[in-house]
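Subject: Structure handover

Hello,

My notes on it come after.

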Amino acid sequence: MRNALSGHKKWQPAWRDAAPREAYDIIIVGGGGHGLATAHYLASVHGITNVAVIEKGWIGGGNVGRNTTIVRANYLLEGNEPFYEWSLRLWEGLEQDLNYNAMMSQRGVLNLFHSDAQRDAAARRGNAMLLHGSDAELLDRDAVRKLAPFLNFDSARFPIEGGLLQRRGGSARHDAVAWGYARAASGRGVDIIQNCEVLGFLRDARGAVTGVETTRGAIRAGKVGIAVAGNSSRVAGMAGLRLPIESHVLQAFVSEALKPVIPGVITFGAAHFYISQSDKGGLVFGGDVDGYNSYAQRGNLPIVEDTCESAMALMPMIGRARLLRSWGGIMDMSMDGSPIIDRAPVDGLYVNAGWCYGGFKATPASGWCFAHLLATDRPHEVATAYRLDRFATGRIIDEKGQGPQPNLH
Ligand SMILES: Cc1cc2nc3c(=O)[nH]c(=O)nc-3n(C[C@H](O)[C@H](O)[C@H](O)COP(=O)(O)OP(=O)(O)OC[C@H]3O[C@@H](n4cnc5c(N)ncnc54)[C@H](O)[C@@H]3O)c2cc1C
């Protein structure tokens with residue numbers, strides 16, 4: 001009230017706008033959710049505060065502020081489910097940890113299935129989730145109808161047979177997550193340096209990375225971690241590293257505000273569409289990634305048409321809502337759909353990448369595990385499978401993450 005009535009002139013900045021110093025113990029490249037969470041846990045869990053987060057744009061300008069905010073831990077495979085369950089537990093305590101309202105809302109995530117085969121797969125996944133200490137409920141058609149009576153249950157092509165529900169899943173306010181982590185890290189002494197692009201890496205005579213070259217000069221560091229999401233291949237390429245990652249655009253959409261209608265998050269199991277409703281009332285939905293590679297952070301009509309067709313097939317009443325806006329973000333698509341948290345084969349360099357379209361929900365655990373790796377040089381126990389060399393050794397974690405692609409479920 002005081003700040004509003006005084007013309008918004010007295011707000012305390014949430015974090016210090018730091019100028020780069022000559023050297024740090026650790027530099028994190030990328031001020032998205034993952035980079036900021038890493039800095040926060042380096043400071044709060046490992047007591048390492050001589051840290052800089054270097055961001056080429058502004059905090060919240062990347063995918064952390066562009067996603068559809070879905071948080072869940074509904075994976076099947078051994079390499080994934082413990083990690084995402086740990087992430088969900090961190091989400092459950094995040095607001096207390098950061099002392100910041102991230103609007104974490106556990107309103108449930110429901111994956112619909114449309115055939116007997118899909119029911120079997122959902123039951124198997126639900127059992128794996130339960131075995132890992134997570135929560136899962138297999139709903140029949142009537143139970144889904146009670147939750148979401150507005151869906152098209154009688155579609156001849158895609159009848160709804162039931163759904164796998166994770167009640168502890170839900171959503172959080174994405175930009176508040178970035179701001180909360182930035183504020184907490186900065187409060188513990190981390191330098192957050194915006195408008196500073198990394199252009200290359202400093203190397204010693206052995207070829208080890210000893211810092212970064214930026215638009216604001218060279219900055220030395222004991223270790224450098226990269227967490228640049230859709231730009232992973234480009235930034236790793238500056239150190240001569242070729243990652244098993246392609247960049248693709250993913251778009252999302254929001255409608256005008258409606259009265260509360262959608263109880264949680266709903267994903268269509270037969271076409272490219274998932275939806276939730278924001279606290280402001282907008283229907284927030286999305287579909288598939290673009291099929292071709294791109295670094296262009298914008299949308300295109302074919303995906304708009306594909307998503308709207310799928311939306312109309314699942315919930316025809318959405319055709320009455322007006323679309324407010326759409327946007328795009330660049331996804332770092334790994335070749336098996338799972339991420340990488342590992343030391344690079346170049347000394348001094350550490351990689352956090354390959355989050356595909358599901359990295360928002362991973363933010364706390366990704367930061368936790370990357371901080372653990374940077375501080376101890378050992379992988380965290382829930383992230384031991386996220387090795388870079390798995391693509392060479394064949395130990396891939398072939399799970400596409402229950403995202404918008406039904407063909408990949
Ligand atoms: C439309 C859309 C919907 C999505 N929906 C979901 C969802 O519902 N649930 C979910 O779990 N995930 C979702 N995702 C994925 C999720 O947003 C990402 O996986 C995650 O945000 C990536 O991590 P980040 O937050 O650190 O990325 P970013 O916020 O993109 O952070 C990376 C930062 O690195 C910076 N950077 C890049 N190059 C350089 C450089 N050379 N120097 C300095 N800085 C650099 C960028 O400017 C950027 O700020 C969605 C993504 C999109 C686009």
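Predicted model: local features only at pLDDT ≥ 70, side-chain atom pairs only at ≥ 80, totals over all residues.

Residues are numbered from 1 along each chain as its sequence is written, and side-chain values use heavy atoms, with hydrogens and water left out.

Overall build

The protein has 10 helices and 18 strands (DSSP runs numbered from the N terminus, with H or I over at least four residues for helices and E over at least two for strands). Its radius of gyration is 21 Å, close to the 22 Å of the globule rule for 409 residues, so the protein is as compact as a globular protein of that length. That radius is taken over C-alpha atoms, and the rule is 2.2 Å times the number of residues to the power 0.38. Along the principal axes, the C-alpha atoms fill a box of roughly 65 × 60 × 40 Å.

Ligand site

The ligand is surrounded by 38 residues, the closest being E55, N63, V64, T68 and K361; a residue counts as near if one of its heavy atoms lies within 4 Å. By type, the shell divides into 18 nonpolar, 15 polar and five charged residues (Ala, Val, Leu, Ile, Met, Phe, Trp, Tyr, Cys and Pro are nonpolar, Asp, Glu, Lys and Arg charged, and the others, Gly among them, polar).

Helix α2 (33-44) and strands β12 (245-257) and β16 (323-334) each supply at least two shell residues, and β12 gives the most, with three. Domain 1 (20-70 + 174-244 + 336-393) and domain 2 (105-168 + 246-334) both contribute to the shell, so the ligand lies between them. The domain bounds come from an automatic or database assignment.

Polar contacts here are pairs of N or O atoms within 3.5 Å. A backbone N or O atom of H34 lies 3.1 Å from a ligand oxygen, and a backbone N or O atom of G358 also lies 3.1 Å from a ligand oxygen. From N67, a polar side-chain atom is 3.4 Å from an oxygen of the ligand. The protein covers 96% of the 1000 Å² of accessible area that the ligand has on its own (Shrake-Rupley method, 1.4 Å probe).

Paired strands

Strands β9 (198-203) and β10 (209-214) pair antiparallel over five bridges, where pairing needs at least two DSSP bridges. R203 stands opposite V209 in β10. Their hairpin has five residues between the strands, and G207 takes a positive phi near 95° there.

Regards

Technical notes. Polar contact = N/O pair within 3.5 Å; in protein donor to acceptor, adjacent residues only side chain to side chain.
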